[in-house]
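The sequence and structure are shown first.

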Amino acid sequence: MRDGLPDWLLPVRSAAETVRPEQLSRFLPPAEGGRHSAVLLLFGEGTDGPDLLLTKRSPSLRSHAGQVSFPGGTLDPVDGDPNGAGPVAAALREAAEETGLDPSGVQVFATLPALYIPVSDFVVTPVLGWWRRESPVAPVDPGETGAVFRVPLAALADPARRGRFRHPSGFAGPAFEVDGHVVWGFTAGVIDRVLHYSGLERPWDSSRIIGLP
C-alpha cells in the first residue's frame, strides 16, 4: 500500500520506485546463489520530526558485534519466495523478533533493489515501511540486540555528523555520527543513497574521516 503516506515521505517513495541497483551499490547480487535476507527501513514521526528506526547489535555477538544496523535478517522458509513476498515477510518478522514492534502498524510502501554483501554472501533486500501506528520498541533478546533507537532524518542529513570511514581491510564508505553511535558499512551506505536520491541530502565534507568504534 502506498496511500496515506505523509508528504515528507513521498520523495523517498518516488526514489525507491525509480532507483536502479547500480545507483545504490557497486556490489550487485550474483545471478544464482547467495544467502537471501531483508532489512526494514522503518520511517516514523517522532518528537524530533521524521526519523528512522535503527538497532545496535549486541557486543557479545561473534559477528558484527556492536555494529549499528537496520532490523532484519535471513529469510526463513516460512517467509516465502525470495523473489516474491519473502523479503517483506522476513523484514517484518525479524524486526518484531529484534525490537518487539507490532508489524500490523507498519505500512510497507516500497522495496529497494536487492544488494550484495560479498564478505558474507548476503543478498539483501531493503524494505521500506511507514510506522503509521507506533508500538513500543526495545531489545527483545539482549544477547542479540544491544539497543533500539530512533534517529531523526535531520540528524542523518546534518553535514556536521557526516563523513567517511576507512576499514583496516582498505574498504571505505559513508559514515554517520548520531546519538553517540557510529553508523557505517552496509547500513550507512543505504542511508547515504536514500538521502541522496530522495533529495534530502545536504552538502557535506567527504574528506572528513570518522573513526570506527
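## Basis of the description

Helices (H or I, at least four residues) and strands (E, at least two) are DSSP runs, numbered from the N terminus. Two strands are taken as paired if DSSP finds at least two bridges between them. The structure is a predicted model, in which local features need pLDDT of at least 70 and side-chain atom pairs count only at pLDDT 80 or more, while totals for chains, interfaces and linings use all residues. Residues are numbered from 1 along each chain as its sequence is written, and side-chain values use heavy atoms, with hydrogens and water left out.

The predictor's confidence in each residue is given as pLDDT, from 0 to 100. Its mean over the chain is 93, and 96% of the residues reach 70 or more. Confidence is lowest in strand 6 (residues 115–117), at a mean of 94, and highest in helix 4 (residues 153–157), at 98.

## Pairing around strand 2

A hairpin of two residues joins strand 1 to strand 2. Strand 1 (residues 35–46) and strand 2 (residues 49–57) are antiparallel and share four bridges. Within this pairing, Phe 43 has Leu 52 of strand 2 as its bridge partner.

Strand 2 also pairs with strand 8 (residues 145–152), in the antiparallel sense and over seven bridges; here Leu 54 stands opposite Phe 149 of strand 8. A further antiparallel pairing, over two bridges, links strand 2 to strand 3 (residues 68–69). In that pairing Thr 55 stands opposite Ser 69 of strand 3.

Three strands form an open antiparallel sheet in the order 9-10-11. Its edge strands, each pairing on one side only, are strand 9 (162–166) and strand 11 (181–183). Neighbouring strands of this sheet are turned by 40° against each other on average, direction ignored. Angles of this kind run from 0 to 180 degrees between N-to-C directions, and the axes are lines fitted to C-alpha atoms, for helices over the stretch in contact.

Strand 9 and strand 10 (residues 172–178) run antiparallel and are joined by five bridges, with Gly 163 having Ala 175 of strand 10 as its bridge partner. Helix 5 packs on the sheet and touches strand 9, strand 10 and strand 11, its direction making about 85° with that of strand 10. Contact here means heavy atoms within 4.5 Å.

## Pockets

Grid points are joined across faces, edges and corners, and a volume is the space filled by probe spheres set on the points. In the residue classes, Ala, Val, Leu, Ile, Met, Phe, Trp, Tyr, Cys and Pro count as nonpolar, Asp, Glu, Lys and Arg as charged, and the others, Gly among them, as polar.

The largest pocket holds about 1,400 Å³ of space. Its lining comprises 50 residues, with Gln 67, Ile 117, Gly 185, Phe 186 and Thr 187 nearest the centre. By class, 21 are nonpolar, 19 polar and 10 charged. Helix 5 (residues 185–197) gives the most to this lining, with seven residues.

The second largest pocket has a volume of about 220 Å³. Among its 17 lining residues, His 36, Pro 82, Asn 83, Ala 114 and Thr 125 lie nearest the centre. Strand 1, helix 3 (86–99) and strand 7 (122–131) each supply at least two residues of this lining, which divides into nine nonpolar, seven polar and one charged.

## Cavities

There are two cavities of 30 Å³ or more. Strand 1, helix 4 and helix 5 each give two or more residues to its lining; the largest share, three residues, comes from helix 5. The lining of the largest cavity has 10 nonpolar, no polar and no charged residues.

The second largest cavity contains about 50 Å³ of space. Val 12, Arg 193, Val 194 and Ser 198 are among its lining residues, and helix 1 (10–18) and helix 5 each supply at least two. By class, this lining has nine nonpolar, one polar and one charged residues.

Conventions. On a 1 Å grid over the protein atoms alone, a cavity is a set of points where a 1.4 Å probe fits but cannot get out, and a pocket is an open set with protein on both sides within 12 Å along at least five of seven lines; lining residues have an atom within 4 Å of a point.
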